[in-house]
Amino acid sequence: MPDAPDHVLDCVGLFCPMPILKTRETLKGMAIGQLLEMLSDDPASEADLKSWTGRTGHELLSIERHGAVFRFVVRKTR
């Protein structure tokens, strides 16, 4: 499991494309190497975040699911 996140972003109740847009905006304000925890109940968020991190180069460290809520941890790389 990754270290404790530097920032938590709650996107529960938001649907595509908002979780990705909010993740992108939040990471812009963070330092390289910091960790972002993003919570989402959008069923498409797992595929969306995997695709987005693959395109942007940010590191998707973990994906957990608790009921309907996904918990993603992303490391800012650039």
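Strands β1 and β2 pair in the parallel sense over 4 bridges; two strands are taken to pair if DSSP finds at least two bridges between them. Within this pairing, Val8 stands opposite Glu37 in β2. Strands (E, at least two residues) and helices (H or I, at least four) are DSSP runs, numbered from the N terminus. The structure is a predicted model, in which local features need pLDDT of at least 70 and side-chain atom pairs count only at pLDDT 80 or more, whereas totals for chains, interfaces and linings use all residues. Residues are numbered from 1 along each chain as its sequence is written, and side-chain values use heavy atoms, with hydrogens and water left out.

The protein chain contains 2 helices and 4 strands, and from the N terminus on its elements follow the order β-α-β-α-β-β. The radius of gyration, taken over C-alpha atoms, is 11 Å, close to the 12 Å that the globule rule gives for 78 residues, so the protein chain is as compact as a globular protein of that length. The globule rule is 2.2 Å times the number of residues to the power 0.38. Along its principal axes, the C-alpha trace spans about 30 × 25 × 20 Å.

An open sheet is formed by 4 strands in the order β1-β2-β4-β3, with mixed pairing. Its edge strands, each pairing on one side only, are β1 (7–10) and β3 (59–66). On average, neighbouring strands of the sheet are turned by 15° against each other, direction ignored. Strands β3 and β4 (residues 69–75) run antiparallel and are joined by 7 bridges. Glu64 stands opposite Arg71 in β4.

Helix α1 (residues 18–28) packs on the sheet, touching β1, β2 (35–40) and β4, and its direction makes about 160° with that of β2. Axes are lines fitted to C-alpha atoms, for helices over the stretch in contact, and angles run from 0 to 180 degrees between N-to-C directions. Helix α2 (residues 45–56) lies across β2, β3 and β4, running at about 10° to β4. Contact means heavy atoms within 4.5 Å. Not counting residues up to four places away in sequence, Ile20 touches Asp48, Leu49 and Trp52.

Buried residues make up 35% of the 78 residues in the protein chain. In β2, 5 of the 6 residues are buried, so this strand is largely enclosed by the rest of the structure. A nonpolar core is a set of buried Ala, Val, Leu, Ile, Met, Phe, Trp, Tyr and Cys residues joined through side-chain atoms within 4.5 Å. The largest such core has 12 residues, among them Leu9, Ile20, Met38, Trp52 and Phe72. Two or more residues each are given to this core by α1, β2, α2 and β4, and the largest share, 3 residues, comes from β4.

Glu46 is found in helix α2 and, at 27% relative accessibility, counts as partly exposed. Leaving aside neighbours within four places in sequence, Glu46 is in contact with Ile63, Phe70 and Phe72. The C-alpha atoms of Glu46 and Phe72 are separated by 8.4 Å, although the two residues lie 26 residues apart along the chain.

Notes:
Buried means under 20% relative accessible area, exposed over 50%, partly exposed in between (1.4 Å probe, protein chains only).
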